[in-house]
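Welcome, and please open your viewer. We will go from stop to stop, with something to select at each one.

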Amino acid sequence: MKVLLLNGSPHAKGCTYTALAEAAGALEAAGVETEFVHIGTKAIRGCIGCGKCREAKRCVFDDDPVNEAIEKARACDGFIFGSPVYYASPNGAALAFLDRLFYAGGSALRYKPGAAVVSARRGGTTAALDALNKYFTINCMPVVSSKYWNMVHGNTPDEVRHDLEGMQVMRTLGRNMAWLLKCIEISRAAGITTPEPEPPVRTNFIR
């Protein structure tokens, strides 16, 4: 079993990474392999809604880590997406990345557990979590919870490490993710498959 952790912060080893690493440690301790993807500091294109990815199963823009992440997602069993909080929201690069990841590679994530993690100096965390969780709930993904909302507070990695409750939330999240993955593995061995989807129905509000 393997979990892919996406660090949506421009800082490779900053506060968001510190939170994700705590969850990763709990996953590794439970026997689950982890891999980090850092979106970096280069510009991330937003989705242009061209629809070409529907056939290719990859984005037409191939100059950033999105397509690489889609390929990694195919080999992973669960996901934790982390972002800093900018203006009560995930940062723009993380949202642009996730828009394209889910639009072009949603099939690689569907029915696999997902969780969101946010890092803030002070406020805006619950609004940012809400935005991230919507990616999972539109893509038939079980959402993994913890003992509190998945957030840490601090202005530096060291301050985050001193958020003892936040660190505990991250460890609990990692253990809960490992538990759910093992439950899914057992159910798969027992012959329980993912639900058969209905043909899509798209209803416009204006007629």
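Ala96 is buried, with a relative accessible area of 12%. Buried means under 20% relative accessible area, exposed means over 50%, and partly exposed lies in between (1.4 Å probe, protein chains only).

A word on what you are looking at: this is a predicted model, in which local features need pLDDT of at least 70, side-chain atom pairs count only at pLDDT 80 or more, and totals for chains, interfaces and linings use all residues. Residues are numbered from 1 along each chain as its sequence is written, and side-chain values use heavy atoms, with hydrogens and water left out.

**Around Ala96**

Select Cys47 together with Ala96: they are 49 residues apart along the chain, and their C-alpha atoms are separated by 6.8 Å. Which residues does Ala96 touch, leaving aside its neighbours within four places in sequence? Show Ile44, Arg45 and Gly46, which are in contact with Ala96; contact means heavy atoms within 4.5 Å.

Two packed helices are described by the angle between their axes and the distance between the axes. Axes are lines fitted to C-alpha atoms, for helices over the stretch in contact, and angles run from 0 to 180 degrees between N-to-C directions.

Select helix α3 (residues 66–74) and helix α4 (residues 92–105), whose axes come within 10 Å and cross at roughly 50 degrees. That makes α3 oblique to α4. Angles under 35 degrees count as roughly parallel, over 145 as roughly antiparallel, 65 to 115 as roughly perpendicular and the rest as oblique. The contact joins Val66, Ala69 and Ile70 of α3 to Phe97, Arg100, Leu101, Ala104 and Gly105 of α4. By class, the contact of α3 with α4 has six nonpolar residues, one polar and one charged. Ala, Val, Leu, Ile, Met, Phe, Trp, Tyr, Cys and Pro count as nonpolar, Asp, Glu, Lys and Arg as charged, and the others, Gly among them, as polar.

To see the contact, pick Leu95, Leu98, Asp99 and Phe102 of α4 and Leu132, Tyr135 and Phe136 of α5. This contact of α4 with α5 has six nonpolar residues, no polar ones and one charged.

**Leu6 in β1**

Next, select Leu6 in strand β1. Is Leu6 buried or exposed? Leu6 is buried, with a relative accessible area of 4%. Leaving aside neighbours within four places in sequence, its contacts include Leu20, Val37 and Ile80, as well as Phe97 and Leu98.

**α1 and α7**

Move on to α7 (residues 164–189), a helix of 26 residues that reaches 38 Å from its first C-alpha to its last, close to the 38 Å expected at 1.5 Å a residue. The expected span is 1.5 Å times one less than the number of residues in the helix. The buried residues of α7 pack against β1 (2–7), α1 (15–29), β3, β5 (114–120), β6 (151–153) and α6 (157–161). Just after α7, look for Gly191, which takes a positive phi of about 90 degrees.

Bring in α1, which has 15 residues and reaches 22 Å, first C-alpha to last, close to the 21 Å expected at 1.5 Å a residue. The axes of α1 and α7 come within 7 Å and cross at roughly 45 degrees. That makes α1 oblique to α7. Thr18, Ala19, Glu22, Ala23, Ala26 and Leu27 in α1 meet Met167, Met170, Arg171, Gly174, Arg175, Met177 and Ala178 in α7. The contact of α1 with α7 divides into eight nonpolar, two polar and three charged residues.

**Two loop residues**

Finish with Lys57, in the loop between α2 (53–56) and α3. Lys57 has a positive phi of about 60 degrees although it is not a glycine, and Lys57 is partly exposed at 38% relative accessible area. Then select Ala88, in the loop between β3 (78–86) and β4 (89–90). Ala88 is not a glycine, yet has a positive phi of about 60 degrees; Ala88 is partly exposed, with a relative accessible area of 39%.

Conventions. Helix = DSSP H or I, 4+ residues; strand = E, 2+ residues; numbered from the N terminus.
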